[in-house]
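This report is for a reader who has not seen this structure before. Please look at the sequence and the model first, then read on.

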Amino acid sequence: MTSPPLAPVFPEVTIGILAGGRASRLDGRDKAWLQRGGVPQILRWQRRLAAQGGAFLVSANRDLPRYAAHGLDAVPDRIADAGPMSGLDALAGAAGTPWLMTLPVDLIEVNDCLLRTLMHHAGTHGAFACDADGVQPLVALWNVAALRAGAGHALASGDHAVRNLQQALGMKRVDFHGVRFGNLNTPQDLDDAGIAPD
C-alpha cells in the first residue's frame, strides 16, 4: 500500500521557474535542459521545490511538448521580447494561488529555507532575495494580484526593469548572509558546475 502524497508546505504559493530566456551567452542552449549529474535543471528544481507549493509552473517559450512529456505545465510569454518581465507576466496570469515564488532555471543552488524565509518577511507586498553576490530580483515571492497589475503596467509603459517594479510594489529585500545562489550564464559557469559542452 502506497502512502498518500504529502500536503504542500505552502498551498497558497505557486512555484514559478523562469526558463524563457534566449541564453545568448551560451549560443542559445536551453538552460532548462542543461544536465548536472544527469538531471536537467528544470527537473532538478521540480524535485526540489514542487512539493513546497500548491502548484508548479514553468515560464518557457520553446520545446513546450518536452515539458508536457515530463508532466510540467509550461506557459509561454504573452508579450514577446520584454525579458524576464514577460515571464513574470505569464506566470502571474497562470497562477491560481495568491502568492507566486519565482526563481531562474539557471540558478545553481538555493538554501532549503528560501520559501519559508521569503514568506516570513513578505508581509502583504512580497519580498525578494539578496545573496552574497547582491540583489537577486528574480528570486522573489510575489503577491499575484499586485504582480498581474504591475507587470501589465510595466509592459505597457516599456519599463521592463524588475527592480523598478519591486520598488513600486513595496517589496521587501531579504538578505541571505553567506549564501551564494550562483548561475549558469557563461561557458565557464557550465564548466565550473560540471556540465559538459554539447
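L147 has a relative accessible area of 0%, and because buried means under 20%, L147 counts as buried. The model is a predicted one. L147 is found in helix α5, which covers residues 144-157.

Which residues does L147 touch, leaving out those up to four places away in sequence? The contacts are L88, A92, L100, W142, G152, L165 and L169. L147 can also be set against Q166, a residue 19 places away along the chain. The C-alpha atoms of L147 and Q166 are separated by 9.0 Å.

## D89 in helix α3

A second residue to look at is D89, which lies in helix α3, residues 84-94. Is D89 buried or exposed? With a relative accessible area of 7%, D89 is buried, because the cut-off for buried is under 20%.

Residues up to four places away in sequence aside, D89 touches R78, A151, G152 and L155. G152 is also listed among the contacts of L147.

Strand β8 spans residues 134-143. Nine of its ten residues are buried, so by the cut-off of under 20% relative accessible area the strand is mostly covered.

Two strands are joined to β8, namely β6 and β7. Strand β6, residues 99-104, runs antiparallel to β8, and four bridges join them. In one of the pairings between strands, T102 has A140 in β8 as its bridge partner. L100, with a number inside the range given for β6, is one of the residues that L147 touches.

Strand β7 takes in residues 126-131 and is also antiparallel to β8, with six bridges between them. D131 stands opposite G134 in β8. Together β7 and β8 form a hairpin, and two residues lie between them.

## The chain overall

How many helices and strands does the chain have? There are seven helices and nine strands. The chain has 198 residues, and 49% of them count as buried.

Taking contacts between residues at least 6 apart in sequence, 75% join residues at least 24 apart. The accessible surface of the chain comes to about 9700 Å², and carbon and sulfur atoms account for 52% of that surface.

How values were computed:
Residues numbered from 1 in each chain as written. Predicted model: local features only at pLDDT ≥ 70, side-chain atom pairs only at ≥ 80, totals over all residues. Heavy atoms only, no water. Buried < 20%, exposed > 50% of the residue type's maximum accessible area, 1.4 Å probe, protein only. Contact = heavy atoms within 4.5 Å. Areas by Shrake-Rupley, 256 points an atom, 1.4 Å probe, with all protein chains shown as cover. Pairing = 2+ DSSP bridges.
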